[in-house]
Amino acid sequence: MGLINRAVIRSLWGGQHVDWSYLGSCGASGGVLVMWDTRVVNKMEETVERFSVSCLIDLPLQGGTFTWSNSREVASKARLDRFLFFPDWEDKFPTIFQRRMSRLCSDHFPIVLKGGSFQRGSMLFRFENMWLKDEGFVDRVRSWWDSYQVHGAPSFILANKLKLLKNDLKRWNVEVFGLVEVRIKKLWKDPSVLENMEES
């Protein structure tokens with residue numbers, strides 16, 4: 001639509017607590033509409049450009065200058081993706097930033113919002129689907145389970161056997177598959193090298 005008025009917004013939103021900003025379409029192409037609940041979001045300023053509408057606070061992007069590319073020989077590149085947040089977040093998270101991550105299949109780069117450093121607790125236990133593909137996995141788990149000698153109420157026995165099994169699975173995982181997170185980080189380095197070449 002080339003023109004967005006309150007009647008159009010009312011037909012889309014339904015409630016009265018709404019504000020919006022838009023870039024009208026040019027013929028059958030283009031057109032961007034941004035709407036928000038005024039009880040939740042306060043518009044500080046807006047910028048309507050040829051292909052984008054921006055409002056609120058937009059953090060600088062680390063790790064690259066654009067978030068979309070059509071990946072053609074004569075490439076079009078644009079910064080389409082971003083996080084929006086309240087101005088008082090900067091007081092609570094002074095080191096907040098958004099970082100562009102590596103892409104694999106999409107023409108969009110994923111972005112992540114980082115709030116700065118914080119103290120991590122112990123790592124949560126995660127069951128990995130790849131374990132099921134390892135030959136003899138079920139038999140190995142069964143033999144571990146049967147070897148645990150725990151006495152007490154049934155719920156106590158179950159909880160403690162699960163703890164013991166978790167430790168055995170973690171140890172076995174490192175021995176057989178290695179540190180998976182380290183391997184994943186290594187694999188992500190290859191596309192990021194190519195992206196840096198494309199960027200420059």
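User: Not counting residues up to four places away in sequence, which residues does Asp-37 touch?
Analyst: The model is predicted: local features need pLDDT of at least 70, side-chain atom pairs count only at pLDDT 80 or more, and totals for chains, interfaces and linings use all residues. Residues are numbered from 1 along each chain as its sequence is written, and side-chain values use heavy atoms, with hydrogens and water left out. Contact here means heavy atoms within 4.5 Å. With residues up to four places away in sequence set aside, Asp-37 touches Trp-13 and His-17.

User: Is Asp-37 buried or exposed?
Analyst: Asp-37 sits in strand E2, residues 32-37; strands (E, at least two residues) and helices (H or I, at least four) are DSSP runs numbered from the N terminus. Buried means under 20% relative accessible area, exposed over 50%, and partly exposed in between, with a 1.4 Å probe and protein chains only. Because its relative accessibility is 17%, Asp-37 counts as buried.

User: How far apart in space are the C-alpha atoms of Gln-16 and Asp-37?
Analyst: Gln-16 belongs to the loop between H1 and strand E1 (18-23). Its relative accessibility is 65%, so Gln-16 counts as exposed. Gln-16 and Asp-37 are 21 residues apart in sequence, and their C-alpha to C-alpha distance is 8.8 Å.

User: Which residues does Trp-13 contact, leaving aside neighbours within four places in sequence?
Analyst: Trp-13 lies in helix H1, residues 6-13. With a relative accessible area of 32%, Trp-13 is partly exposed. Trp-13 and Trp-36 are 23 residues apart in sequence and 9.2 Å apart, C-alpha to C-alpha. Beyond its neighbours within four places, Trp-13 is in contact with Val-18, Met-35, Trp-36 and Asp-37.

User: How many residues make up the largest nonpolar core?
Analyst: A nonpolar core is a set of buried Ala, Val, Leu, Ile, Met, Phe, Trp, Tyr and Cys residues joined through side-chain atoms within 4.5 Å. The largest one includes Trp-131, Phe-137, Val-141, Trp-144, Tyr-148 and Val-150. Leu-165, Leu-169, Trp-172 and Phe-177 also belong to the largest core, and the total is ten.

User: Which helix gives the largest share of this core?
Analyst: Helix H3 (137-147) and helix H4 (154-177) each supply at least two residues of the core. The largest share is four residues, and the helix that gives it is H4.

User: Which residues does Trp-172 contact, leaving aside its neighbours within four places in sequence?
Analyst: Trp-172 is itself one of the residues of the largest nonpolar core. Leaving aside those sequence neighbours, its contacts are Trp-131, Asp-134, Phe-137, Arg-140, Trp-144 and Phe-177.

User: At what angle do H3 and H4 pack?
Analyst: Axes are lines fitted to C-alpha atoms, for helices over the stretch in contact, and angles run from 0 to 180 degrees between N-to-C directions. The axes of H3 and H4 are 10 Å apart, and the packing angle is about 135°.

User: How far apart in space are the C-alpha atoms of Ile-96 and Lys-114?
Analyst: Ile-96 is in the loop between helix H2 (89-92) and strand E8 (97-100). Ile-96 is buried, with a relative accessible area of 10%. Ile-96 and Lys-114 are 18 residues apart in sequence, and their C-alpha to C-alpha distance is 5.6 Å.
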